[in-house]
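Hi everyone, thanks for coming.

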Amino acid sequence: MVPHLVTALNGPLLDLEKKILAATPAIERWFRLEWQEHTPPFYCSVDLRNAGFKLAPVDTNLFPGGFNNLSPEMLPLAVQAAMAAIDKYCPDAKNLLLIPEGHTRNTFYLQNVARLMQIFRQTGLNVRLGSLSEDVREPTPIDLPDGSTIVLEPLERQSNGRRVGLKNFDPCTILLNNDLSAGLPPILENLHEQYLLPPLHAGWAVRRKSNHFAAYDEVVKKFAKLIDVDQWMLNPYFAKCSGVDFQERTGEDCLATGVDTLLAKIRKKYKEYGIKETPFVVVKADAGTYGMGIMTVRDASEVRDLNRKQRNKMSVVKDGMEVTDVIIQEGVHTFERINDSVAEPVVYMIDRYVVGGFYRVHAERGVDENLNAPGAHFVPLAFAHQHALPDLLAKPGTAAPNRFYMYGVVARLGLLAASIELEKTDPNPEIY
């Protein structure tokens with residue numbers, strides 16, 4: 001099922017699809033060489049926006065929580081990729097400890113945890129769940145809507161203080177599916193005998209989106225040169241403002257100036273390519289996820305004229321983290337629709353392999369709004385044929401596999417940027 005494009009892929013993106021398909025051997029070799037230099041994050045999901053004239057990542061998540069939204073046909077791919085990832089870190093691994101988020105009432109999220117357990121069991125691992133919550137003091141079963149049950153258990157630090165596990169369960173590898181928005185848990189610090197994946201500095205207590213997009217800038221420059229395209233086609237402009245306090249109205253000048261500057265740059269590009277759309281930017285917290293602390297801005301005056309409700313919404317994100325740094329990012333329209341609702345593709349990867357994806361669909365949002373909001377639903381069908389090989393003879397913009405190959409390429413650029421970002425922000429580079 002190819003989603004309906006309101007404005008069919010027009011000139012620039014048709015040209016980009018052609019160039020990417022024509023350069024496939026060079027692109028795959030380029031990625032292969034890059035992965036010899038950089039270690040991919042253990043897993044990752046990338047939110048893309050397809051504007052018809054531009055295809056760009058707008059967010060990269062290092063603790064993806066939607067594996068339950070992948071099409072079941074894609075699971076064998078996920079298992080193979082997980083095997084490759086485990087081989088890299090701990091080839092003789094027997095036990096895997098998975099640490100999920102604390103929100104145990106969100107059954108959608110818990111189905112994602114169950115799906116992850118299913119994938120890793122298939123790779124030959126005993127998988128158990130350890131909880132960071134102090135409320136979990138003994139094994140706690142939770143029933144899921146599909147009739148299955150998962151069991152959360154309290155974490156234990158070994159008496160020598162060097163390893164973490166559960167009662168009678170000593171894992172070689174600890175997999176975090178918790179983005180650490182609430183801070184770095186002391187029980188996971190200074191583990192030198194076990195692999196903690198992703199590392200602690202990948203969590204939102206430390207990580208910043210501006211570092212990620214600075215790394216993405218580097219990656220996309222090289223890639224655009226390789227296939228001879230304008231890097232703007234694949235890259236959203238961005239700027240950063242620090243010391244912002246939405247309640248006290250400090251940092252407003254930095255924000256307004258950043259918005260003005262970015263909008264001027266986007267207008268210039270729109271003029272160059274004859275694009276008639278209205279440029280916009282997205283202001284969002286530099287750390288944090290779950291679609292919180294995000295607003296669409298079309299004019300700098302909007303930043304100064306926020307009402308109290310908007311200020312409250314922008315000043316705090318998940319787990320009560322206060323917002324002091326924001327990123328201003330070029331807004332990318334999404335002209336993909338499923339059943340008349342606006343949609344955006346989300347691509348999932350384990351190790352360096354694309355293992356599927358889905359469309360995030362929102363019936364009440366516009367083409368220039370954030371879709372990661374209450375009321376969104378997910379359609380996995382579109383990526384079910386992801387493993388179909390690209391059709392080089394198809395007319396540009398008409399073949400689903402070609403579109404998904406292009407998505408997979410851009411998502412892997414985000415993945416590569418994440419690996420460079422983690423290298424650059426690693427507090428103990430000599431340990432790894």
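Let's begin with a pair of helices: the axes of H5 and helix H9, residues 400-425, come within 8 Å of each other and cross at roughly 125°. That angle makes H5 oblique to H9, and the crossing is right-handed. Please keep in mind that this is a predicted model.

Which residues of H5 meet H9? Among them are Asn-211, His-212, Tyr-216 and Phe-223 in H5, and their partners in H9 include Val-409, Leu-413, Gly-414 and Lys-424. Sorted by class, the contact of H5 with H9 has 12 nonpolar, 4 polar and 3 charged residues.

Now for the backbone. Most residues other than glycine have a negative phi, and most peptide bonds are trans.

Stop one is the peptide bond from Leu-197 to Pro-198, which is cis, with omega near -20°.

Stop two is Leu-180, in the loop between strand S10 (173-177) and S11. Leu-180 is not a glycine, yet its phi is positive, about 55°. Is Leu-180 buried or exposed? Leu-180 is buried, with a relative accessible area of 2%.

Stop three is Asp-351, found in the loop between strand S17 (341-350) and strand S18 (353-362). Asp-351 has a positive phi too, near 55°, and at 2% relative accessibility Asp-351 counts as buried.

Conventions:
Residues are numbered from 1 along each chain as its sequence is written. This is a predicted model: local features need pLDDT of at least 70, side-chain atom pairs count only at pLDDT 80 or more; totals for chains, interfaces and linings use all residues. Side-chain values use heavy atoms; hydrogens and water are left out. Helices (H or I, at least four residues) and strands (E, at least two) are DSSP runs, numbered from the N terminus. Buried means under 20% relative accessible area, exposed over 50%, partly exposed in between (1.4 Å probe, protein chains only). Axes are lines fitted to C-alpha atoms, for helices over the stretch in contact, and angles run from 0 to 180 degrees between N-to-C directions. Angles under 35 degrees count as roughly parallel, over 145 as roughly antiparallel, 65 to 115 as roughly perpendicular and the rest as oblique. A crossing is left-handed if the near helix is turned anticlockwise from the far one by less than a right angle, and right-handed if clockwise. Contact means heavy atoms within 4.5 Å. Ala, Val, Leu, Ile, Met, Phe, Trp, Tyr, Cys and Pro count as nonpolar, Asp, Glu, Lys and Arg as charged, and the others, Gly among them, as polar.
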